[in-house]
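Biologist: Can you walk me through this one? I'm new here.
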Amino acid sequence: MELYVLRSKEEIGLEIGRRIVERVKQNPYIVLGLATGSSPLFTYEAIVKYSLAEYVSYKNVTTFNLDEYVGLEETNKQSYRYFMNENLFKYLDFKKESHHFPSIENMSNYDEEIKNSGGIDIQILGIGSNGHIAFNEPFTNIDEKTHIVELTENTIKDNSRFFKSISEVPTKAITMGLNTILQSKEIFLIATGKNKSMAVKKMLEGKYDPSFPASCLNLAKCKVHVYIDDECYEGIK
Ligand code: GLP
């Protein structure tokens, strides 16, 4: 795992955005694994900015999102598909059919689809305050592939900030499993703010602890770049 400490979440976005756009230029058929939540927002903004400025095309790029709530239509503003359309897809020339989101219908084939597309070249990840990645909650089996999960109270509470009330937060989601994520060829994890300090600290301990899903990244065979801001770093020192 490589740790990068940058001044702000904006700087992290610019840095990762730049790196990803360079990779898309080198390989127009790249397969991107995408995350939602607030952490990757500046990265998506930077990808759009650099790609438009440099006329980078996404017509041959394939995307696989990490997770999606069960029971939200794509027109629902809280669905992850809506989030991706609004924050990234609609600005660039992606083909609609190049986007993949896990669902009840496709979850048993999702890992196979990823494999058939050549595997995820770059996976963007956030981290939950309880160490969840995607929606893999504590004690998720490390061999798990894409599957359905019951969200924990902690995650429902964390994510309720995006909904009008906590009762509107879905209680189930479909998520790539830890095994799926560990097959990625390169991972960029973003964690900003002091409420992520403890989670990052635990992840950086260097060993796998099943009660803390993000620590499985210590077992990854690929490069894992962990980007944090000063505020997050302050709480780790
Ligand atoms: C959700 C998503 C995760 C994300 C996490 C952190 O639970 N399913 O993929 O990493 O939230 O979100 P944020 O980046 O807003 O802190």
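Modeller: Here is a quick tour of the ligand site and the pocket. This is a predicted model, where local features need pLDDT of at least 70, side-chain atom pairs count only at pLDDT 80 or more, and totals for chains, interfaces and linings use all residues. Residues are numbered from 1 along each chain as its sequence is written, and side-chain values use heavy atoms, leaving out hydrogens and water.

Biologist: How many residues surround the ligand?
Modeller: There are 13, and the closest are Ser38, Ser39, Asp67, Arg161 and Lys196.

Biologist: What lies 2.5 Å from a ligand oxygen?
Modeller: A polar side-chain atom of Ser39. Lys196 also places a polar side-chain atom 2.6 Å from an oxygen of the ligand.

Biologist: How much of the ligand does the protein bury?
Modeller: 95% of the 390 Å² that the ligand exposes when taken alone. Those areas come from the Shrake-Rupley method with a 1.4 Å probe.

Biologist: New topic. What is the volume of the largest pocket?
Modeller: About 670 Å³. A pocket is an open set of points on a 1 Å grid over the protein atoms alone, where a 1.4 Å probe fits, with protein on both sides within 12 Å along at least five of seven lines. The ligand takes up space in this largest pocket.

Conventions. Near = heavy atom within 4 Å. Polar contact = N/O pair within 3.5 Å; in protein donor to acceptor, adjacent residues only side chain to side chain. 1 Å grid on protein atoms, 1.4 Å probe; cavity = no way out; pocket = protein on both sides within 12 Å on 5 of 7 lines; lining within 4 Å. Sits in = over half its atoms within 2 Å of the grid points. Points joined across faces, edges and corners; volume = space filled by probe spheres on them.
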